[in-house]
Amino acid sequence: MTAEPKANRKARVSLTQFRELNVLIAFLLLCIFFYSQSPDVFLKPANLAVIMRFVATFGLLAIGELFVIITGGIDLSVGSMTALTGVIVATLMIKGVGPIPPLGIPLSIIIVVILAGLVGLWHGFSVTKMRIPPFIITLGTWLMARGLAAYITRGYPIVFESDFPFLRLGQGEIFQIPIMFIILVVVALIGSFTLNSTTLGRHIYAIGGNIEAARLSGVHVNRVRIFSYITSSILACLVGIMLASRLGQGTPTVGTAYELWAIAAAVIGGTSLFGGEGSVIGVLLGAAIMGVMINGMVLLNISSYLQNVILGIVLVIAVTYDTLRRYRSK
Amino acid sequence: MTGTPIVEMVDIQKSFGAVQALRSVDLKLNQSEVLGLVGDNAAGKSTLMKVLSGAYIPDAGYILIDSQKVHITSPDDSRHLGIEMVYQDYALANNLDVSANVFLGREIVKWKLGPIGMMDKKSMEEQAQSLLNRLRIEIDTVRLKVENLSGGQRQAVAIGRAMAFDAKVIIMDEPTAALSVAAISKVLDLIRELKNLGSSIIMISHRLEDIYEVGDRVVVLRHGRKVADCPVSGDIREFRERIVSYMIGARDDFSEQITENKAGGDL
């Protein structure tokens, strides 16, 4: 009698990790394939650094997106937000605002993070208190943030001097690992801990599963949803700061369609757009699959037009497979 | 019935615009009693229970819990007083496991940082498992997701959830409405088990045979008024006919205030 529940427990644990396991296997197979195709380049530190920067960019955006999608929402503003925050942080550091002289690096970063947090607060407030669909309210920011970024810069990039210390953030490496990637790992650990081990994380999942049940159970539904939108905006801001540093400029055209890439990474990693399901590790694997595929296709000299076709096919296969798997398990 | 009532609702009135949903309803619930609450649609059963669970605030009347006058203005208030509501559609998050659902909104934490707590999953799983064992709810493991449970098991989890926090009073809204015959008998067993453990239960139901099986007393509402308050007795056919005649207005035990509708007059 006592042995039976234990056996069941094991079975269940392997079943829930099944989804991530599939994504992991797909990822490893892709790595092996591209390594076999170009063994001398694929594993070179310089090439790995390229992949890691890609994964850091889309992984961070996708983790933010994950927090929102699990609650049953969506955030379309993250691509535009990377441009706006990148432009603002560059302006603050290089030009200053009006009579205010250029600010220091830490202060500029703090200000832009607070601004992004306010945007997230606005999204969350609109979705919860004003009952505006998340798709619409974040679509508004998608337009506004992009427009504002172009307006601030008059369309031209704001370029850093090549010895500006801020550039280390996006361009620097520690033991050949890009600092951007290390930041991703730290954020992923915090995000994973939050979702799996804290009451906040459990409430995020509960809201995605049954928002009415969560409310009746005394979960502070609005507060939790607002928190997820703030998380998404702040992570978009973090990416905006890193990309400004990486490119050496704050430019209003950066991050175009990144929100869709981030959503694609989340979905490939097993996140359900209906809410209630998804994990940080899955999202990271989704971003890693996209990073390795794009890198590998470049190494194989596949036309960049065709690359998008192939990525689209992968996305459709991933979603179809997941839907069928879920359908079968019921 | 012995002892003081655990819940006493006195002269409860509630209107929605021109509609008088509750007209001076009194309701008593005794310790370890299963009270059936019946009535046709729009008779006011759910409204009355929503007043008790804090979802509605009555226009007039008051509530006594253990003979103490209480002010219930939100579901949180009623929960703090030991009143738990089990909703008709179970109100569970299907993507979470049994243990997570039992403790949803009231997780056991190891430490807290502001509003965010670090969960003690092990304690929650152990307590959820021992709860299931105590109530003899048959579910292999509390780590099973609710979406993998049958309707009867889900209802059992929803009821067990109410019990996890030592509720004095459990209100069940149509606990058997959506269940198969086999599942219904299990849920009825569970209600008996709760009664044996000392809980007091109000059960809203359309299924008079269920109330006959587990109920001690039955209250019938009609058009927002109490028309009957009697022990469950007699054989099932006689019981059913009697209750139905109250429900359709053919009988009325509390009609002395209303002159045109004398008790049993129409029969």
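1. A crossing of two helices counts as right-handed if the near helix is turned clockwise from the far one by less than a right angle. In this predicted model, the crossing of α5(A) and α6(A) is right-handed.

2. The two helices of that crossing are α5, residues 78–94 of chain A, and α6, residues 105–128 of chain A. Angles over 145 degrees count as roughly antiparallel, so α5(A) is roughly antiparallel to α6(A).

3. Which residues of α5(A) meet α6(A)? They are Met81(A), Thr85(A), Ile88(A), Val89(A), Leu92(A) and Met93(A). Among their partners in α6(A) are Ile105(A), Ser108(A), Leu115(A) and Val119(A). By class, this contact has 12 nonpolar residues, two polar and no charged.

4. Helix α14 of chain A covers residues 280–299. From first C-alpha to last, its 20 residues reach 28 Å, close to the 28 Å expected at 1.5 Å a residue. Helix α14(A) is mostly covered, with 16 of its 20 residues buried. Just after α14(A) comes Asn301(A), with a positive phi of about 65°.

5. Between the chains, 23 residues of chain A are in contact with 23 residues of chain B. On the chain A side, the elements giving two or more residues are α1 (3–16), α10 (199–209) and α11 (211–216). The largest share, seven residues, comes from α10(A). The side of chain A that touches chain B is made up of eight nonpolar, 10 polar and five charged residues.

Note on methods: Residues numbered from 1 in each chain as written. Chains lettered and ligands numbered in written order. Predicted model: local features only at pLDDT ≥ 70, side-chain atom pairs only at ≥ 80, totals over all residues. Contact = placed C-beta atoms within 7 Å. Helix = DSSP H or I, 4+ residues; strand = E, 2+ residues; numbered from the N terminus. Nonpolar A, V, L, I, M, F, W, Y, C, P; charged D, E, K, R; others polar. Axes fitted to C-alpha atoms, helices over the stretch in contact; angles between N-to-C directions. Parallel < 35°, antiparallel > 145°, perpendicular 65-115°, else oblique. Expected span 1.5 Å × (residues − 1). Buried ≥ 20, exposed ≤ 12 C-beta atoms within 10 Å, placed from the backbone.
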